[in-house]
Amino acid sequence: MTIKSLFILFFCLSATGASWSQQLSPAQQAELEHLSREAQAELTKALAPGHMARLFDEQIQEARKSGTTPAQIKALESAKTDALRQLRANRQEAARQNTQADSEPAPTDTPDKAGVNSVGALKNRLTHPVPVIYDEQEGRYSHIPRAFRVYAEAKLTPEKWVAFMHQQYGVTLREKGRFGTKQTPVLQYEQLHKSYVVRLARYSITLDNTGYVNRASGTLFALTAPDPGPATTQTLLLALRRATQQPTLPLLTDPLPSQRPPAYAQAEAPMWVPTNLEPTAKQTVLTRPFTVTTPGQVVRWYLDAQTGRVVASENRLFDCTPPAPRKAVRRMVSTFHSGRKAVTLEPVYYNNKPSFYLADSSETPAVVVLSPENETSAQHTDTSLTDAKLRVRGDFDALYGLRRAATYFKTMGINSFDDAGTTIRATAFDRVNASYSPSTKQFYFGMYEGKPLLTLLVAGHEFTHGVSDHYTDFVARGEPGALHESIADMLGRAIEQQVMGGNWVILDEVVPNGLRSMSDPKTLKHPDTYGETFWANPGNLKVDEGGVHINAGIGNRWFYLLVNGGKGQNDLKHSYDIQTTIPIHELTKLVLTTLPKLGPTSGYDDFCRETIATAEGQYGECSKRTHTIKQAWYAVGVLDDPPVPCSGWSFDMVASNGTEQQVTRFYFRGDSAVAVTRTPDGILKSFARRSSPTMTAVVQNTDGVNVTELPKSITPVVKQAVEETLPALEVAMSAELEKARTERNTLGTSPERRATLDKGIPVMEKFLRDLKQGRAKAQKTLDTLQQGEVPVSAMTFWETRQVRRNFDKQHIKAYQKYENKYEASKYVMQNGIYWWSTTRIPLRMSDLMIMIPYSPVTQMRNGLDHWLRGFPLDYLGMFKIKNIREHVPVNFDALFSTAPVFQ
Ligand SMILES: [Zn+2]
């Protein structure tokens, strides 16, 4: 109801102004009237669609919150009917006013028309960093959107974007690294709060080829916690000594002395850490990390910066010095899984006996297989290298497999797991597992029933964990954990396939039936459809850390389908048929290009969105490959609606109010839209890009042709009214008040006049007070309004996929092939509101609003778009879409221009 209150505010102001006009000079009076009229006119225009949009949003939000008792539903839905009636009336009114405004050309020097004024404000606005939220994602951990697309007009530099994020969301960002290609660099940012780094927060921006921000995505936290003020290091050291049970632990400062005690602590910079490193934790604590070195161990302790309480602890082993260069030799060894293979080894003499290091530093990165006994030596004295123990333990497989993995990533432009050429260190351990530790940056492999858990695929898998960790710092639990596992499987599979073919089942060489099936996850009780059969609850950390190896099935199946194609039906009864395939190494390249755009908390939605964005950048928005990638996401249920072919669209929208019909013809191509309406008075054409803040109206009538550029959004208009009109009014009133006071205090003033002034001055004072208060209130309302203009993401709107799926189940009452072609569903609400919509046409309700300027919904998608579940083909018979064609006329460019071309 905020718009309503704004309207009332303006209404009251102008009414009060009118009663006061007798007291003003004719010039002031004229000025005041002019200002009031202008504010009124702009608001009347501006209010209608926004009001409708907000009504819908608020009601639908409420409906979800307040449960579903029939009475509530009925009340809410009759309110919706009212809102829709209003929409119809407002739409006609807006169109009428727009036609009128455009048909009388305004003098160029007086900013008399709303259009001229607001475009001025808009241009002004564009000099500021104002990204448009275009992708439908909003953060799970804060209100900060997970993805932005930026207006081309904004010409946003990374610096401006950082400033914008600070201004809009109050977050402070600091550049962390630069990745990506020369053509499309990706910049990663970390979040700072009170100048300390926030653990788990990450945002990346992709630049276009001119160096401006193209899009941005990631996860940030809305932190309000005050800096508790540092406890003294001495207090914390005492707490640390208690926690580590080292009562005499000394604190060393950098640089470390060459003579060090066997056990010591080092203080690190404070860091914000969610409790237990859990991103959904309600609390983020300012910690003081200490690294404690004891013989054979390095552990980082995160202590509450104020109380010294242990918030988390983490193993950290410092990197070993890479082995000194030695002369390398090629030798044949018997690996366990890959047969006899040539590996590079390094001969040394030890105790005057020839021996070998199980190490290969012949190229960067070096690979070292350490002895599990002390984890420091790679030395091996069996010069024949036939030692059965080494073979069975998998040491040779580690040396061979990790070298192959490193070589694969090198061809992808990534030098070692951290892209810094760091030595790869691996060692056998006595657990039934294979793993990578981001703390020690070391690879470990165990045994299963006498066989090393280190096939080539597993070596690739573990190596990829290292790479992913470097780029994304995934939390290894829940959905990010599943994505972490799945990406590791994808790359491991690609490395295996390159060398030896292999199959799509993981570790079937070691474990009967294998651990995971990428081709058919269900055979091993893993899901192949997001959220459906066999899906593990990511929140239940007791089962596989939130199902990280189980839910990997989703990504694995996606990858498999893209490489091999396939057709079928998923658990949601969605049919898919993937015929175009992508060569496996092309696909891994796409995955690796996408990695830096992900962050610690990214899940499948993020990966889906970002792989599509990468593909669009790499292959083009309408390429077959991009379409195939979307199809595969649809096949595994991450996309609920099928991707639609990238073509042009033309159709008629027939609106009727019972007695009259109005036909508007629409043309869509890519991001561009044109709407043409013919009335007895003339022709109105409006055209705009979706990713642009303005639209253009072209009117042809008996007066000729008029062209006006208009903002799509009401905010600049209202903002301008509040920021310029009200202060002007205030200045005028203050001057008038001052004049009255002076006159009152002048000796020559007549007693009659003085009496009038005595009555009038307090009224003027009160008016001025009200005006100032009103302005503050309007400013506040504007802020809310601007928030409202941020589109409601599908994720926020439906809260969970399940809510959306249930909505479909409850309300779809009929199906048809609309115009014999488009699968359409009839949604019926309880009070009889109905519509037909289709997800086979890539357009939304908001796209139809291009014919209405000043409509927030034109500019961005909103709740209504989500609620309608696709493109509305028939809304209560109020309008119907007819004559749908999947192309645009050859003269589309002329249509999409100010030229008086209308068909
Ligand atoms: Zn793994």
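Analyst: A crossing is left-handed if the near helix is turned anticlockwise from the far one by less than a right angle, and right-handed if clockwise. This is a predicted model, where local features need pLDDT of at least 70, side-chain atom pairs count only at pLDDT 80 or more, and totals for chains, interfaces and linings use all residues. Residues are numbered from 1 along each chain as its sequence is written, and side-chain values use heavy atoms, leaving out hydrogens and water.

User: Is the crossing of helix 12 past helix 13 left-handed or right-handed?

Analyst: Helices (H or I, at least four residues) and strands (E, at least two) are DSSP runs, numbered from the N terminus. Here helix 12 covers residues 552-564 and helix 13 covers residues 584-594, with axes 9 Å apart. The way helix 12 passes helix 13 is right-handed.

User: Which residues of helix 13 make the contact?

Analyst: Contact means heavy atoms within 4.5 Å. Helix 12 brings Trp558, Phe559, Leu562 and Val563.

User: Which residue in strand 21 stands opposite Tyr436?

Analyst: Strand 20 and strand 21 (residues 442-445) pair in the antiparallel sense, over 4 bridges. In strand 21, the residue opposite Tyr436 is Phe443.

Methods
Two strands pair if DSSP finds at least two bridges between them. Axes are lines fitted to C-alpha atoms, for helices over the stretch in contact, and angles run from 0 to 180 degrees between N-to-C directions.
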